[in-house]
Amino acid sequence: METTSLLSFPSSKPPPTRTHFRPANPFSFSFPTTHKTSISHRSITIKSAISRTKKEETVETVKTQLENCYLLAAIKYTGFTVKQFQDLRRSLPESSKVIVAKNTLVYKAIENTPWEALKPCMTGMNAWLFVHSEEIPEALKPYRDFQKEKKLENDFTGAVFEGKFYGPGDFKQLETMPSRAEIYAKILGALQGPAIGLVGTLQAPARDVVMVLKAYVQKLEEESSGQ
């Protein structure tokens with residue numbers, strides 16, 4: 001009886017390398033790229049909306065200040081420190097208001113109005129002075145005093161009064177205008193004097209003439225009621 005011998009030989013393949021299993025970090029998450037893009041786009045949209053709202057608020061602020069405004073002037077803002085600007089605001093009377101706003105936003109507020117004559121000032125950085133008083137020289141004096149006290153070179157770059165533009169070299173006309181009381185006295189004197197004097201006086205701005213005539217009528221009414 002033949003006997004079959006089964007022989008075993010070692011395998012030529014190397015034994016498999018044993019790998020250590022590392023469980024996945026349960027706190028690590030991965031998001032699709034499209035989601036990150038969506039978040040970034042949403043952030044830009046929100047910022048744009050906020051910026052647009054602030055611009056609209058600035059335009060409305062300018063329009064509000066133009067109500068009952070007699071003079072709007074631009075002041076060179078470059079070079080002002082924050083403290084100097086705060087001091088300037090405190091030095092102004094209640095009838096005046098100064099704000100800082102971009103030229104484009106101010107122009108948007110004054111476009112198609114008599115204040116549009118201020119267009120030559122729409123360069124550089126400006127602070128805007130709104131005067132809500134008929135006494136123009138007295139309204140401009142506080143800034144002149146502040147300018148002199150702080151030794152500032154920040155001058156007026158222009159102004160609009162009664163629809164007319166005044167450049168930096170024209171401010172002497174505004175700062176030497178007669179006061180309302182002086183105009184009253186002048187026209188009342190002309191009304192009581194020769195006709196030629198009245199004609200010369202009526203060449204003054206229509207607004208001043210109307211105001212004085214009203215005051216004269218009121219004066220006559222008071223004198224009549226007192227008799």
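Colleague: Is Thr-123 buried or exposed in this predicted model, and why?

Modeller: The class follows from relative accessibility, and exposed means over 50%. Thr-123 has 56% relative accessibility, so it counts as exposed. The residue sits in the loop between helix 3 (103-110) and strand 3 (126-131).

Colleague: Which side chains of strand 3 point which way?

Modeller: In a regular strand the side chains alternate between the two faces of the sheet. Here Asn-126, Trp-128 and Phe-130 point one way, while Ala-127, Leu-129 and Val-131 point the other way. All of these residues are buried.

Colleague: What is the strand order of the sheet?

Modeller: The sheet is open, has five strands and reads 2-3-1-4-5, with antiparallel pairing. Strand 2 (96-100) and strand 5 (164-166) are the edge strands, each pairing on one side only. On average, neighbouring strands are turned by 20 degrees against each other, direction ignored.

Colleague: How many bridges join the strands?

Modeller: Strand 2 and strand 3 run antiparallel and are joined by five bridges; Lys-97 stands opposite Phe-130 of strand 3. Strand 1 and strand 3 are antiparallel over six bridges, and Ala-73 has Leu-129 as its bridge partner in strand 3. Strand 1 (residues 71-76) also pairs in the antiparallel sense with strand 4 (residues 156-161), over five bridges. In that strand 4, Gly-158 is the bridge partner of Ala-74.

Colleague: Which strands do helix 2 and helix 4 lie across?

Modeller: Helix 2 lies across strand 2 and strand 3, at about 160 degrees to strand 2. Helix 4 lies across strand 1, strand 2, strand 3 and strand 4, and runs at about 165 degrees to strand 4.

Colleague: At what angle do helix 2 and helix 4 pack?

Modeller: Two packed helices are described by the angle between their axes and the distance between the axes. For helix 2 (residues 82-91) and helix 4 (residues 136-149), the angle is about 145 degrees and the axes are 10 Å apart. The crossing is right-handed.

Colleague: Which residues meet there?

Modeller: Helix 2 brings Gln-84, Asp-87, Leu-88 and Ser-91, which meet Pro-142, Tyr-143 and Phe-146 of helix 4. By class, the contact has four nonpolar residues, two polar and one charged.

Definitions and conventions: Residues are numbered from 1 along each chain as its sequence is written. This is a predicted model: local features need pLDDT of at least 70, side-chain atom pairs count only at pLDDT 80 or more; totals for chains, interfaces and linings use all residues. Side-chain values use heavy atoms; hydrogens and water are left out. Helices (H or I, at least four residues) and strands (E, at least two) are DSSP runs, numbered from the N terminus. Buried means under 20% relative accessible area, exposed over 50%, partly exposed in between (1.4 Å probe, protein chains only). Axes are lines fitted to C-alpha atoms, for helices over the stretch in contact, and angles run from 0 to 180 degrees between N-to-C directions. A crossing is left-handed if the near helix is turned anticlockwise from the far one by less than a right angle, and right-handed if clockwise. Contact means heavy atoms within 4.5 Å. Ala, Val, Leu, Ile, Met, Phe, Trp, Tyr, Cys and Pro count as nonpolar, Asp, Glu, Lys and Arg as charged, and the others, Gly among them, as polar. Two strands pair if DSSP finds at least two bridges between them.
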